[in-house]
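Student: Could you walk me through the strands and helices of this one?
Tutor: Gladly, here it is.

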Amino acid sequence: MAMLQTQVHEFNQSKSSNEKWNKWLSPTINVLYAFSATLGEGVGLVFSPAKVIFAGIGVLLLAAKDVSGSQEALSNLFERVENFFKRLETYTEVPPTAAMTDIIVKIMVEVLGILALATKEIKQGSAKKYLKKLAGRTDIEDALGRLDKLTHDEALMATAQLLKLTNSVDNKVTSVNDKVTTVDDKVTRVDEKVMVVINESKEAKLVAKETKVILQHAASTADQVKRNQLRQDLRRWLSPPDPSINHNIACGAHHSGTASWFFQGSIFSDWKSSGSLLWIHGKPGSGKSILCSTIVQDIEAICETGLASMAYFYFDFRDATKQNRHNLLLSVLIQLSVRSDPRCDILFNTYSAHDNGSRQPSDDILIQCLKRMISLPDQEPIYIVVDALDECSNTSGMPTPREQVLDLIKNLIGLSLPNLHICVTSRPEIDIRSSLEPLAPLHVSLHDQSGQKKDIVDYVRSVVQSDTKMRRWRQEDKTLVVETLSERADGMFRWVFCQLETLRHCLPPSVR
């Protein structure tokens, strides 16, 4: 069997690489495939001699492997037995009668005899002589003749058996047809009733489906209304200050094109991609709040896609509600709960624990609530942006309001949450520097940045060239203003802004 498998593979390769073998390979390959491993096993289950013949083919091929001229001899031989093997495949699926089994076994005996005689001839090296004998009355020719007769008898017997079966089937089919006609009449009447039921069922299913969709939508809408009402209750309970007022003012003061050096730099990119603290500091009037508002806008674009959450807060010495840790916590908690139902649930639990808002929470309770919010598993990145920390009072209290905020930042960073990103802007006050420098792997000193200095030059030049009053100045006066203010600004946008506000009212002769 192994020899036969190998030979089939070699014949396949030879067929593609040696066209001169095509003459004799076709019947050979047909026989080998007709008696492949699968068919051989199938026939062997019905006719035991089949396995013997299967092995006989392998022996014959092994004998013919290195004998010159054996290919054509095998071709002639296999052409004679090919039809029988094709018919034999049928009996693996349709069991033959006892008489047909007897004749099939006789055919196999003849095939085995032919294989034996052919093997003998080839082993004796008389392949060429065998080619001539094949046409005469030799032992092989006699065996092939007997094979043809047996095959013919088998075909006639199979035909007779088929006719017998066909006639029997026809009688049964006629009887069945009569019964089917009767059944059809009854089925037709049933079908009519079934169609009515089906149509009613389809309509009922459609109504049920539409009702389900309506109910789901109504449930979703009701849940959303309930959520919105809950968030309104929470906002009324905490009543946080509104940081968007400061944010909008800072956005309005932003000069187009400035701070691009910051957003294109590696520090901002690193902060957005890794959980850490970014500290931005600069002298008074260096544009910290304006830069902070631009950072908020950048993060808001990410939040709109649902890939992040953010809370921001502007400390303001002019607004008493924006000068302590308590109000910072209130604002941050409300903002974070708006963007997440699980975080809203955490805040609601705190609300419930305080008699449904009848009592106000302490700072410690608010801090614990914030920690639970930012520590929820599988969260998107959370950004917390705090501007003008230096405008938080540091003159009274033990600890002072500013010290409380610094302590809060330290505690949040100490959680080592990879999804938490905190940004703080301030003046470089000593107490702020001593607290944040050890915590902040990323920090920027605005008044020392070359990009900041270039932004001031561009800003002064833009104002001088676009302002309706300054356009009347002589060119040398315009150049003088640009050069002088840029040189003396020391990184402070606010100082430049104040100078320009005064200069724009000067008459051309008094500019210098």
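Tutor: A definition comes ahead of the sheet: two strands pair if DSSP finds at least two bridges between them, strands (E, at least two residues) and helices (H or I, at least four) being DSSP runs numbered from the N terminus. This is a predicted model, in which local features need pLDDT of at least 70 and side-chain atom pairs count only at pLDDT 80 or more, while totals for chains, interfaces and linings use all residues. Residues are numbered from 1 along each chain as its sequence is written, and side-chain values use heavy atoms, with hydrogens and water left out.

Student: Which residue in E3 is the bridge partner of Met-310?
Tutor: That is Tyr-383, and E2 pairs with E3 (residues 382-387) in the parallel sense over six bridges.

Student: What is the order of the five strands in the sheet?
Tutor: The open sheet runs E2-E3-E4-E1-E5 with parallel pairing. Strand E2 (309-314) and strand E5 (442-445) are at the edges with a single partner strand each, so one side of each is left without a neighbour in the sheet.

Student: Switching to helices, at what angle do H14 and H15 pack?
Tutor: H14 (residues 341-353) and H15 (residues 363-374) pack at about 155 degrees, with their axes 9 Å apart, where axes are lines fitted to C-alpha atoms, for helices over the stretch in contact, and angles run from 0 to 180 degrees between N-to-C directions. The two helices, H14 and H15, are therefore roughly antiparallel to each other, a term for angles over 145 degrees.

Student: Which residues of H14 meet H15?
Tutor: Arg-343, Ile-346, Leu-347 and Thr-350 in H14 meet Ile-365, Cys-369, Arg-372 and Met-373 in H15, contact meaning heavy atoms within 4.5 Å.

Technical notes
Parallel < 35°, antiparallel > 145°, perpendicular 65-115°, else oblique.
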